[in-house]
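Biologist: I'm new to this one and would like to learn how to read it. Could you walk me through it?

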Amino acid sequence: MEKKNIDWGNLGFGYVHTDYRFVSNYKEGSWDEGELTTDPNIVLNECACVFQYAQTIFEGLKAYTTKDGKIVTFRPDLNGERMETSASRLKMPVYPAKKFVEAVKKTVKANEAYVPPYGSGATLYIRPYMFGSDPIIGVKPANEYQFRIFTTPVGPYFKGGAKPITVRISDFDRAAPHGTGHIKAGLNYAMSLYAIVDAHEKGFDENMYLDPGTRTKLEETGGANIIFITKDGKLVTPKSDSILPSITRRSLVQVAKDYLNIEVEEREVYLSELSDFAECGLCGTAAVVSPVGKIVDHGKEICLPAGMEEMGPVTKKLYDTLTGIQMGTIEAPEGWIVEI
Ligand code: PLP
Ligand code: COI
C-alpha cells in the first residue's frame, strides 16, 4: 500500500481530509450495522438536538506505525468504555465498546495510506463522536443518533513539539462539582473556547483550571491532564471527580511504577504547592506528554527548575517509555497495543 504524498514532518494538529469515515445510525431503539463512507458532510434538520442543546460527545485516540511496520492503536478499549460513560451521562444510547473498537479498526484500515510512517513525528488521530440527530425543541434527549469516526494525520498539539510551554492559572472554570467534567462532552470544550482565545491573546499556550468549589486545587487544562515531578523524583498527579480520566495519565502512572520504579501520588494538588515541583507536563492523546516550563498565576511566575529549553529528565523518561511502547520499541503491558 502506497502512502499519500504528505509532508509528515511538518504537520501541525489540524484537519486533513482522509478517504473514509465510519457512520452508524441509531433509530427506534437500535444501532444499524454501520458502514464506511467517503462523504465527509452531514446533513441534519435545523432543529437537531445537537444544534439546540449540544447533545454531543467524542473521543480521541491515535494509530501509529511501529518500527517493524505494523499499524497499531493504543488501548482503544478504554476509549470505548469512556465513550459509554459519556453517553450514559448525556442520556444517549451507548455504542458498545466492543463495536467501537471494531469500527476504529475498520476506519484506520481504510485510511492506511494516511497513517504516518515510523519516525516521521506524526500519527493518525482518530476522532469517534456521537450526536443527537432528530428535531428536538423541548429540552430533552434526542430519539435518534449518529455515531461516526473520522481520521486525520497530525503532528504535535503545541507548536514546537517537545519545547516547554507557558500556561496560566485560569479565572474561568471548566467543570462544576457534580457536573460533566469527567466525561468527554462537546459542552466542556465549548465553554473553554473563550478562555483559550483569551489565553492565546495574552501570550499563554494553555489554561490550567482550578477546582471551582474552592479555587485552591489544580484540576487539568483544556485538553490534557497534568503531571508533576517532585524535587525528589516522585510523580504527583491531581485526583478529582471533575477531570477527564485521561488514558495517557493512567498509562503513565503504570509506566512510572512498573517500568521506571518511580513512586506515584494520585491526590489533591494545591495551587500553593506549585513552587515545590521540579517538572510539570500535560498529558493526553493529542498532547502526548508536553512539558510545561512556566506557570503564571495572576502575574506571579512559577518557573519550573527544568527550564524553558527542554523536557525535564523524569518527564523525558516517561515520554520515551510511553512512546516506545506505542511505537513498538518497548514491550507493552498485555492488551495495550491493538494491531490493525
Ligand atoms: N483532559 C481533557 C480535557 C482532554 O480533552 C483530554 C483529551 O482527550 C485529556 C484530558 C487526555 O485524555 P486522554 O489521555 O485519554 O487522551
Ligand atoms: C485528545 O487528546 O484526544 C483530545 O481530545 C484533546 C483535544 C484538545 C484535541
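Modeller: We'll take the ligand, then the salt bridges, then the cysteines.

Modeller: Two housekeeping points come before that. This is a predicted model, where local features need pLDDT of at least 70 and side-chain atom pairs count only at pLDDT 80 or more, while totals for chains, interfaces and linings use all residues. Residues are numbered from 1 along each chain as its sequence is written, chains are lettered from A and ligands numbered from 1 in the order in which they are written, and side-chain values use heavy atoms, with hydrogens and water left out.

Biologist: How many residues surround ligand 1, and which are the closest?

Modeller: A residue is near a molecule if one of its heavy atoms lies within 4 Å of it. Here 17 residues surround ligand 1, and the closest are Tyr-189, Glu-220, Ser-246, Thr-248 and Thr-285. Sorted by class, that shell has five nonpolar, eight polar and four charged residues (Ala, Val, Leu, Ile, Met, Phe, Trp, Tyr, Cys and Pro count as nonpolar, Asp, Glu, Lys and Arg as charged, and the others, Gly among them, as polar).

Biologist: Which helix and strands each supply at least two residues of that shell?

Modeller: Strand S11 (218–221), helix H6 (247–258) and strand S15 (277–284) do. Helices (H or I, at least four residues) and strands (E, at least two) are DSSP runs, numbered from the N terminus.

Biologist: What lies across from the oxygen atoms of ligand 1?

Modeller: Look for polar contacts, pairs of N or O atoms within 3.5 Å; within protein, one must be able to donate a hydrogen and the other to accept it, and residues adjacent in sequence count only if both atoms are side-chain atoms. The side chain of Tyr-189 has an N or O atom 2.5 Å from a ligand 1 oxygen, and for the side chain of Thr-285 the distance is 2.6 Å. Ile-247 uses a backbone N or O atom instead, 2.8 Å from an oxygen of ligand 1. Alone, ligand 1 exposes 380 Å², and the protein buries 97% of that (Shrake-Rupley method, 1.4 Å probe; for residues, only the protein chains shown count as cover).

Biologist: Now the charged pairs: how many salt bridges does the structure hold?

Modeller: Side chains of opposite charge can pair when their charged atoms come close. The cut-off is a side-chain nitrogen of Lys or Arg within 4 Å of a carboxyl oxygen of Asp or Glu, and the structure holds 17 such bridges. In one of them, Arg-174 meets Glu-220, with the closest N and O atoms 2.8 Å apart. Arg-174 sits in the loop between strand S9 (165–169) and helix H4 (186–190) and Glu-220 in strand S11, so the pair ties together parts 46 residues apart in sequence.

Biologist: Are Arg-174 and Glu-220 buried or exposed?

Modeller: Both Arg-174 and Glu-220 are buried. Buried means under 20% relative accessible area, exposed over 50%, and partly exposed in between (1.4 Å probe, protein chains only). Elsewhere, Lys-234 and Glu-265 form a salt bridge (3.4 Å, N to O), and a network of salt bridges links Lys-234, Glu-265, Arg-267 and Glu-273.

Biologist: And how many disulfides are there?

Modeller: A disulfide is a covalent bond between the sulfur atoms of two cysteines. The test is a pair of cysteine sulfur atoms within 2.5 Å, and the structure holds zero. The sulfur of Cys-47 is 8.4 Å from its closest cysteine sulfur, in Cys-49, too far for a bond. For Cys-280 the closest is in Cys-283, 9.6 Å away and also too far.
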